[in-house]
Amino acid sequence: MELFSNSTFRTLERGLDGSQLRQKAISDNIANAGTPNYQAKKVSFKHTLNDAMGSNLKAHKTNAKHMDFSTTNTGTKVYTNPHTTYNHNGNNVDIDHEMSELAKNQIYYNALIDRMNGRFQSLQTVIRGGN
């Protein structure tokens, strides 16, 4: 039996997992900013998070050429773009971009943690009987 079977907890957990993976990729990129031929990693977990949120949205088409929303689960992906080079040594890490991504990811992570703490505080209030 899962103690926290609520879908909100699962969604927050998946968001935290994705943020943690993104943090690792960004820190790897920063650590390898001077490594010859290193290709910067990017993380995509939007599809996984959307699936966790139960995004079974139907597209409202106003034209027959409009496409439906994708319902396939592609999962969390770590990928590189080998077609870019920013440095003379074949490295494509843009340190300014990585630092801004690091800041955005930290804000996202903190927001998820705050929301998770709010859910736990609500549970605490229920357990204590409203006190």
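**Exercise 1.** With which residue does D28 form a salt bridge, the closest N and O atoms being 3.0 Å apart?

*Solution.* The model is predicted, and side-chain atom pairs count only at pLDDT 80 or more.
- Step 1. The partner of D28 at 3.0 Å is K41.
- Step 2. D28 counts as buried, because its relative accessibility is 18% and the cut-off for buried is under 20%.
- Step 3. K41, in contrast, is partly exposed, at a relative accessible area of 28%.

**Exercise 2.** Determine which residues are linked with D28 in a network of salt bridges.

*Solution.* 
- Step 1. D28 also meets the side chain of K24 in a salt bridge, with an N to O distance of 3.2 Å.
- Step 2. Both D28 and K24 lie in helix α1 (residues 7-31); their separation of 4 residues is about one turn of the helix.
- Step 3. K24 is partly exposed, with 46% relative accessibility.
- Step 4. The network therefore consists of K24, D28 and K41, since a salt bridge requires a side-chain nitrogen of Lys or Arg within 4 Å of a carboxyl oxygen of Asp or Glu.

**Exercise 3.** Identify the residue that forms a salt bridge with K42, and locate both partners.

*Solution.* 
- Step 1. K42 pairs with E98, and their closest N and O atoms are 3.7 Å apart.
- Step 2. E98 is buried, at 2% relative accessibility, whereas K42 is partly exposed, at 32%.
- Step 3. A search of the whole structure gives 4 salt bridges; among them are K42 with E98 and D28 with K41.

**Exercise 4.** Is N92 buried or exposed, and with which side chain does the side chain of N92 make a polar contact?

*Solution.* 
- Step 1. N92 is located in the loop between β2 (77-80) and α3.
- Step 2. With 5% relative accessibility, N92 counts as buried.
- Step 3. The polar contact joins the side chains of N92 and Q39 at 3.2 Å.
- Step 4. Apart from neighbours within four places in sequence, N92 is in contact with Y38, Q39, A40, N81, T84, T85 and Y86.

**Exercise 5.** Classify the 1 aromatic pair that the structure holds.

*Solution.* 
- Step 1. Two values are needed, because a pair of aromatic rings is described by the distance of the centres and the angle of the planes.
- Step 2. For F9 and F120, the ring centres are 5.3 Å apart and the planes are at 45 degrees, so the pair is tilted.
- Step 3. F9 lies in helix α1 and F120 in helix α3, 111 residues apart, and the pair links distant parts of the chain.
- Step 4. F9 is buried, at 6% relative accessibility, while F120 is partly exposed, at 34%.

**Exercise 6.** Which residues form a nonpolar patch on the surface with F120?

*Solution.* 
- Step 1. The patch is formed by F120, L123 and I127, with about 290 Å² of accessible area together.
- Step 2. I127 is part of helix α3 (residues 95-128).
- Step 3. I127 is exposed, having a relative accessible area of 72%.

Conventions: Residues numbered from 1 in each chain as written. Predicted model: local features only at pLDDT ≥ 70, side-chain atom pairs only at ≥ 80, totals over all residues. Heavy atoms only, no water. Patch = residues over 30% accessible without salt bridge, like charges linked within 9 Å, V, L, I, M, F, W, Y side chains within 5 Å. Areas by Shrake-Rupley, 256 points an atom, 1.4 Å probe, with all protein chains shown as cover. Helix = DSSP H or I, 4+ residues; strand = E, 2+ residues; numbered from the N terminus. Buried < 20%, exposed > 50% of the residue type's maximum accessible area, 1.4 Å probe, protein only. Polar contact = N/O pair within 3.5 Å; in protein donor to acceptor, adjacent residues only side chain to side chain. Contact = heavy atoms within 4.5 Å. Phe/Tyr/Trp six-rings, centres within 6.5 Å; stacked < 30°, edge-to-face > 60°.
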